[in-house]
Amino acid sequence: MEVEETGETRTSCTAMLETHSIPGKKRKQDPDPVVRIVEDEEEDEEGEMMSDQMGDSEEPSNKRVKPVVKSNSLTGVLTPVKTPALKRIGQSISRSISFRTEARPLPPAPLRSRSKASSYPRRRNSQCWSDTVESHDLTAKEIKRQEVIYELTQGERQLIDDLSLVKKVYYEPMLTLDIMTKSELGQIFGTLDSLIPLHQDLLGRLDRLRGSGKTIGQVGPTLMNWFPCLEAYVIYCRNQVGAKALLDQKKQEKKVERFLRLCQESSFSRKLDLWNFLDLPRSRLVKYPLLLKEIQKCTPPEHPDEDTLPDALELVQSIVAEVNKNTGEAECQFYRQGLVYLEDGQRLQEIQLSRYLYCHGELKNNKGQRLHVFLFELALVLTRPGEDRERGQVFHVYRQPLPNALINLEEIPDGEPGGGGTFRGAFTGGNDKVKNFFRASSRGRSKFHPYSLQANDSFSRQQWITCLRQAIVQSRDRSAQTSQSQLSLHADPALYHIAQLSLNSDTEMADHTCR
């Protein structure tokens, strides 16, 4: 029985005894209330025993021992003995009093120390422009404009910090500890070091534009003058294709893998690996057009930036397109050099003339074999990945490549068989309903076998079908233009002169006919 205060306990119990006493006789407790009090006390003891047993059960043990109920006083340790009702009331009162007088505040729980700081990656401070000013009298549209310009400025600052970190934490230690050679590090990191002062220049220009009210007025001319510096990204992004392949190859070495893993587990990395940091400049490049569009959207018509922002946007978009074009050509050349032909008949001219890749990735054939498929500008090539000691990863050409201009594309609905007789179909008895299949076959040439290919999911299949359709149309248009130009080069000169004659000039027609 739980009691709030000691004095109240004594008074209430005394009053309860007096209420049930008989006048003229010795005070005696009525049996009914005694039974109720005893039952309450027994329920309290049972509750304490169950809670203590549940607490002990949290720590499993293989030993079979007799459960012992823990308590905060001696009354909980002693074996309960049947006692008269009045004596039990006294024990209950004294027990309640002992809980009140002996209770002490528990000491504060010790703070748990983090065993691994790396499990809690450092987060960036996501601060807005509005958080940096105490008061302003700007409109909602102008506030939005200042927020976008502030995001542009903070993005430059964060990129500088990340690139400096990569140089200090990755490049210099790996060179000092001889984890990689200087030549290998140069190929992986490329011209990363030259991008740091480039972005420091833009950050300095933007900071100088900020006025006393922490606002920036005209930003268009500054960006217009600085964007040509982004031409340096052409060299950096072209190098990324080979850099990624070399980095993946070097990760197979234990010392390289261990160093990169320790760096990624550290707090400074924010759970990013080395390649995430190396790819940050490219991600930053494609964000400039988006930021400029937002600034332009928030710029009022009478603002001085209204005339310069469209030109700056057109300039940066042309630079991004140039970088993408050069990166695509470098990627196409890299994978084209990694092809290993099993026979000379596989060396199609369309592969060598291709300048870029539409897409590439893993697909399965109708036998369930994993293939790496390349959709070049002019040809579809199926390969099997392999390893070479000197060249690293290579791709062995599987069967005969297909020229894009001769491809017939067919979508296979889910549930229909993906091809003819296969081992998989034989073992499953035709009950294996395939999904995400499409078929590429060649028209007009019997030696080209149709390829039934399976993507990982419906989204991936749709991407492949879209790219294939685009490649087929463009390849056929290219072939038609080539045929027309060849026809004009080999045409009869007499017919060429006749085609140039005016229909109203009968005399010239007769002269050319005599010739």
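Glu 257 is partly exposed, with 35% relative accessible area (buried means under 20%, exposed over 50% and partly exposed in between, computed with a 1.4 Å probe on protein chains only). The model is predicted, so local features need pLDDT of at least 70 and side-chain atom pairs count only at pLDDT 80 or more, while totals for chains, interfaces and linings use all residues. Residues are numbered from 1 along each chain as its sequence is written, and side-chain values use heavy atoms, with hydrogens and water left out.

The side chain of Glu 257 meets that of Arg 261 in a salt bridge, with an N to O distance of 3.3 Å; a salt bridge is a side-chain nitrogen of Lys or Arg within 4 Å of a carboxyl oxygen of Asp or Glu. Arg 261 is likewise partly exposed, at 34% relative accessibility. Because Arg 261 and Glu 257 are four residues apart in helix α10 (residues 254-265), about one helical turn separates them. Helices (H or I, at least four residues) and strands (E, at least two) are DSSP runs numbered from the N terminus.

The structure holds 20 salt bridges. Side chains of opposite charge can pair when their charged atoms come close. One of the salt bridges joins the side chains of Arg 370 and Glu 362, at 2.6 Å from N to O. Arg 370 counts as exposed, at 51% relative accessibility, whereas Glu 362 is partly exposed, at 37%. Another salt bridge is formed by Arg 439 and Glu 410, whose closest N and O atoms are 2.9 Å apart. This pair links distant parts of the chain: Arg 439 belongs to strand β8 (residues 437-442) and Glu 410 to strand β7 (residues 407-412), 29 residues apart. Glu 410 is partly exposed, with a relative accessibility of 40%.

Thr 153 lies in helix α5 (residues 140-176) and is buried, with a relative accessible area of 2%. Apart from its neighbours within four places in sequence, Thr 153 is in contact (heavy atoms within 4.5 Å) with Leu 203, Leu 206, Asp 207 and Arg 210. Thr 215 is found in the loop between α7 (192-209) and α8 (220-226), and its relative accessibility of 28% makes it partly exposed. With neighbours within four places in sequence again left aside, the contacts of Thr 215 are Trp 129, Leu 138, Gln 146, Leu 209 and Arg 210. The C-alpha atom of Thr 215 is separated by 9.1 Å from that of Ile 149, although these residues are 66 residues apart along the chain.

The largest pocket contains about 880 Å³ of space. On a 1 Å grid over the protein atoms alone, a pocket is an open set of points where a 1.4 Å probe fits, with protein on both sides within 12 Å along at least five of seven lines, and lining residues have an atom within 4 Å of a point. Grid points are joined across faces, edges and corners, and the volume is the space filled by probe spheres set on the points. Of the 31 residues that line the largest pocket, Val 241, Lys 244, Ala 245, Phe 334 and Tyr 335 are the closest to its centre. Two or more lining residues come from each of α9 (232-250), α14 (305-337) and β5 (392-397). Helix α9 gives the largest share, nine residues. By class, the lining has eleven nonpolar, 13 polar and seven charged residues (Ala, Val, Leu, Ile, Met, Phe, Trp, Tyr, Cys and Pro count as nonpolar, Asp, Glu, Lys and Arg as charged, and the others, Gly among them, as polar).
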